[in-house]
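Have the structure open as you read.

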Amino acid sequence: MIELLAVYATTVFLVIGCIFTLVAAIGLLKLNDPMTRLHAPTKAATVGIGAFLLGSMCHAYGVGEGSFHELMILAFLFVTAPISANFIAKVNIHKRACDMPPAPKLDEMWSTQDVPESEQEMEPQKTP
Amino acid sequence: MMRALNWLFPHPLLTLILTIVWTMLQNDVSAGMVVFGIILGIIIPRVTAVWWPDRPQGFRAGKMLSYSLIVVWDIILANIHVAWIILTKSNAQMKPAWVEVPLDLREPEAITILAGTITLTPGTVSADLSNEGRSLLVHALDAPDPDAVRDEIKERYERRLKEIFQ
């Protein structure tokens, strides 16, 4: 009985994961701006892979070998995914690949735009 | 006595987390592995304490747990919402927007958790911090009303983080 339940749970989680990964891939192809395109992979990384890993755990318990590795993968993924997304966003702003954000109200500028003058000469758009 | 304990456990919570992570990585809850995890949990915070001098003082682990549950629930709901936007709205109908979130939080740890939360809940990506660290730049995928996005972030996440770190 438990085995049958585990099989059903595994299948449901795999289908959910597939749907969200598919939507993320569609989004990656469809969206046309570097910043909006960044939204698609963050979704695949959270619910999509999360559902796959839960399916893997259900399968392991159904077979009778409990497994916690998946929770660790999920935890490390949740910690690292925002960092890579943040780096890509910073590169987009730095390369002026997207619409520039308006200047902050409280401070002078965003930290990515805060380039010391000695390094500004090295940026390609400044050279004649 | 307190000083000795403080010296041995510079970050008690980090010790606990390292022990749990080590046990889970081994995939084997046995006494030997737990003891080895505790040894690692004492050595690693002790050796790295020099690089983390201003650790946040009042960290409430219980509130952090309820905050994590709220965030997980929001991630699931927001994923369905964003999947619907991607599948049904054309690129021209979408209104991406930059949202500026003025920060009341001061601790770098709290701001990091807030930025991570914003990126994990789909539909918003935290992109940059202002040069004095007083506001956070967030990009929203589809925000007809950017002020509503800002108010939701402040009300739902930042207020709770302020209660966790105080």
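What follows walks through the sheet, then the helices on it, then the chain contacts.

Keep in mind that this is a predicted model. Chain B has an open sheet of three strands, in the order β1-β3-β2, and the pairing is antiparallel.

Take a look at the pairing of β2(B) with β3 (residues 135–140) of chain B: the two run antiparallel and share five bridges. In this stretch, T124(B) sits opposite A140(B) in β3(B).

Two helices, one from each chain, touch these strands. Here is how they sit:

| Helix | Strands involved | Angle to β2(B) |
|---|---|---|
| α4 (residues 69–95) of chain A | lies across β2 and β3 of chain B | about 60° |
| α5 (residues 108–120) of chain B | touches β2 and β3 of chain B | about 145° |

Now for the chain contacts. On chain A, 41 residues are in contact with 36 residues of chain B. The helices α1 (2–30), α2 (34–37), α3 (39–63) and α4 of chain A each supply at least two residues of the side that touches chain B. The largest share comes from α4(A), with eleven residues. Sorted by class, that side of chain A has 22 nonpolar, eleven polar and eight charged residues.

Notes
Residues are numbered from 1 along each chain as its sequence is written. Chains are lettered from A and ligands numbered from 1 in the order in which they are written. This is a predicted model: local features need pLDDT of at least 70, side-chain atom pairs count only at pLDDT 80 or more; totals for chains, interfaces and linings use all residues. Two strands pair if DSSP finds at least two bridges between them. Helices (H or I, at least four residues) and strands (E, at least two) are DSSP runs, numbered from the N terminus. Two residues are in contact if their C-beta atoms, placed from the backbone, lie within 7 Å. Axes are lines fitted to C-alpha atoms, for helices over the stretch in contact, and angles run from 0 to 180 degrees between N-to-C directions. Ala, Val, Leu, Ile, Met, Phe, Trp, Tyr, Cys and Pro count as nonpolar, Asp, Glu, Lys and Arg as charged, and the others, Gly among them, as polar.
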